[in-house]
Amino acid sequence: MHSRENATTNLVRINGNKKDLKPKDNILSSNLTLPAEKRHDPGRLFPPVPDSCELTIECGRYDFSASAIARAVEDADAHLLNLNVTTMAAALQDKVRVDLRVSHRNAGRVARSLERYGFDVVATHDGFDADSELTASRFRELMVHIDI
């Protein structure tokens, strides 16, 4: 058997050369402007997902917490699918605007939960409901056959 009492390890730290960021790589520059094609586009931020809805909320810059938002969404028996901060705090006088997508067809229950947690719900958009679209399509077909 080997004795562990005499075992020693020498740790050596190897410092590589740190890469300096060039101005084009610095995303924190104060004069950063996005080209028109890269500005806020809901289609880019929220790719299509069935059985989901979208909400836009606002909160104070220092009150923003992704975990608190996720907890509020989960209290409404939904899952947080997307969370995007879409407005800089300076544009809204120390407020942050956040776009959310959740796994509910109806945004009402999630909106009430977010308001209970102290977030201001600015807008809601109920999502695509595949079952109701199918039912509506079948109803229209039935009405065509009845009119014959």
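Visitor: What makes R109 and D77 a salt bridge?

Guide: Their closest N and O atoms are 3.0 Å apart, and a salt bridge needs a side-chain nitrogen of Lys or Arg within 4 Å of a carboxyl oxygen of Asp or Glu, so the pair qualifies. The two residues link distant parts of the chain, with R109 in helix 3 and D77 in the loop between helix 2 and strand 2, 32 residues apart. Helices here are DSSP runs of H or I with at least four residues, strands are runs of E with at least two, and both are numbered from the N terminus. One thing to keep in mind: this is a predicted model, where local features need pLDDT of at least 70 and side-chain atom pairs count only at pLDDT 80 or more, while totals for chains, interfaces and linings use all residues. Residues are numbered from 1 along each chain as its sequence is written, and side-chain values use heavy atoms, with hydrogens and water left out.

Visitor: Why is D77 called exposed?

Guide: Its relative accessible area is 58%, and exposed means over 50%, buried under 20%, and partly exposed in between, with a 1.4 Å probe and protein chains only. R109 has 42%, so R109 is partly exposed. D77 also follows helix 2 and has a positive phi, near 60°.

Visitor: How many salt bridges does the rule give?

Guide: The count is 6. Among them is R61 with D94, whose side chains meet at 3.6 Å, N to O. R61 sits in the loop between strand 1 and helix 2, and D94 in the loop between strand 2 and strand 3, so this pair ties together parts 33 residues apart in sequence. R61 counts as partly exposed because its relative accessibility is 37%, and D94, at 44%, is also partly exposed.

Visitor: What makes D120 and K95 a salt bridge?

Guide: The closest N and O atoms of D120 and K95 are 3.6 Å apart. D120 belongs to strand 4 and K95 to strand 3, so the pair ties together parts 25 residues apart in sequence. With 39% relative accessible area, D120 is partly exposed, and K95 is partly exposed at 28%.

Visitor: Why do strand 2 and strand 4 stand at the edges?

Guide: Start with the sheet: 4 strands form an open, antiparallel sheet in the order 2-3-1-4, where two strands pair if DSSP finds at least two bridges between them. Strand 2 and strand 4 (120-125) each have a single partner strand, so one side of each is left without a neighbour in the sheet. Neighbouring strands are turned by 20° against each other on average, direction ignored.

Visitor: Which residues of helix 2 are buried?

Guide: In helix 2 (residues 66-75) they are A68, I69, A70, A72 and V73. The buried residues of this helix pack against strand 1 (53-60), strand 2 (80-87), strand 3 (95-102) and helix 3 (108-116), contact meaning heavy atoms within 4.5 Å.

Visitor: Which residues form a nonpolar patch on the surface?

Guide: F139, L142, M143 and I146 do, with about 390 Å² of accessible area together, computed by the Shrake-Rupley method with a 1.4 Å probe, where for residues only the protein chains shown count as cover. Patch members have over 30% relative accessible area and no salt bridge; nonpolar side chains (Val, Leu, Ile, Met, Phe, Trp, Tyr) are joined within 5 Å, and like charges within 9 Å. L142, in helix 4 (residues 130-147), has 44% relative accessibility and so counts as partly exposed.

Technical notes:
Axes fitted to C-alpha atoms, helices over the stretch in contact; angles between N-to-C directions.
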